[in-house]
Amino acid sequence: MAVHPALDYAIPSAKQKYVPSSGIYPKGFLVSGTHVGVKPTNKSFPDLALLYSEKPCSASAVFTKNKFQAAPVTVSRDVLQSRQGEGIRAVVVNSGCANAVTGKGGLFDASSMARTVDECFGSSAPSSTLVMSTGVIGQRLPISKILDGIPNAFATLETSHKSWLRTARAICTTDTFPKLLSMSFSLPSSPQTTYSLAGMTKGAGMIHPNMATLLGILCTDATIPASVLKPLLSHAVDRSFNSISIDGDTSTNDTLALLANGAAGGLPIESLSSNDGRAMTEVLTSFTQSLAQLVVRDGEGATKFVRVCVTNAPFYEDAKNIASTIARSPLVKTALYGKDANWGRILCAVGYTQGLNEGTIIPEKTSVSFVPVDGSEILKLLTKGEPEAVDEAWAAKILEAEDLEIRIDLGGGQLGHGKEEASYWFCDFSHEYVTINGDYRT
């Protein structure tokens, strides 16, 4: 463990490499991470995050599909609907308490958070602030602490990398490091214009679609109307945050929001089918995949980062469904933790995947392999339904590595014409995972 100089908190040595030392942040966005003490045991760490745009934003969000949806999910959805995704100015987030299953009082608290932020920059009804919360379920927020802290959070808004890091830290719960990425890009219609994209997310447990990780905020200074943001975000999330799993659980609070303020100038992206739309789709999908993968790398007690890739499937949805089933199999995950090349568990998960189209899985066409990430020789485990003589020593060496790819080739399905591919990212199950979650509330 080493104390990060910009955060004043210890980060495991193995995770330090995932914390950026600098960033390229979108124009017109300011952020702050401040301490209000939502949890009495938190004496110093930032637990109130605020993101603010100097210009009104287009916005879209995806939310949890859990039936017990937290108050901030309801409030944020209502904000987006009332403004039809336009005129959004801020996102406020607290950690330490989820404000979930808290009844009418919880809705009042979440609305109060949004209203107090609105008052800081003189916004009138309907609210232009999205709200997120994360932490323990079933407890009311210490709302006076949060409301009293919002004016200070607004007063300390900055554009510095350190402030972005503190903001990313403020949304964490059991995370061992803040998850923050940024990048610059260009679009075909405005090659001389430099755009930026930044994103922060949190999550280390209770991670599995749908929707995604617990919380995430993305923002860009490109000009993208809300009508385009919605399908853009949906496409990217389906291939990133909806393609990760740590423990197969989805939260009551899952929310991922994307804001675009147009501060960099350039032409608006009018549709996803345009050259700019296709380029932006590629940029955002790749970016969200990288951000979502940080969540998996921080999985509670995880020792392995695993990509499962299902290839040559008749339909994309079937390939993703199979990958998802493997990713949430406790037997697969525990075998990987034990460095056991027990490919029978993988094949079992393929075989019991539900909801597949007829002819997707043909046993005599199915192959399974371990692919080392260092580019060394692939370990074939099953080839077109026939088991290989596994070199256990080579298998053990592959499984010693932190990163691994499992490849499932369906051979095109019944007709042999399938070429669809889908990936999922997940981690193993360790003894520490049980310890962390057994002690979560205490």
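**Exercise 1.** In which loop is the place of D391?

Solution. The model is predicted: local features need pLDDT of at least 70, side-chain atom pairs count only at pLDDT 80 or more, and totals for chains, interfaces and linings use all residues. Residues are numbered from 1 along each chain as its sequence is written, and side-chain values use heavy atoms, without hydrogens and water.

Step 1. D391 sits in the loop between β15 (386–387) and α10 (392–400). Helices (H or I, at least four residues) and strands (E, at least two) are DSSP runs, numbered from the N terminus.

Step 2. The relative accessible area of D391 is 40%. Partly exposed lies between buried (under 20%) and exposed (over 50%), with a 1.4 Å probe and protein chains only, so D391 is partly exposed.

**Exercise 2.** Find the strands that pair with β4.

Solution. Pairing requires at least two DSSP bridges between two strands.

Step 1. Strand β3 (residues 29–34) runs antiparallel to β4, joined by 6 bridges; here G33 is opposite A49 of β4.

Step 2. Strand β5 (residues 86–97) pairs with β4 in the antiparallel sense over 7 bridges, with L48 opposite N94 in β5.

Step 3. Strand β11 (residues 255–260) also pairs antiparallel with β4, over 6 bridges, and A59 stands opposite L259 in β11.
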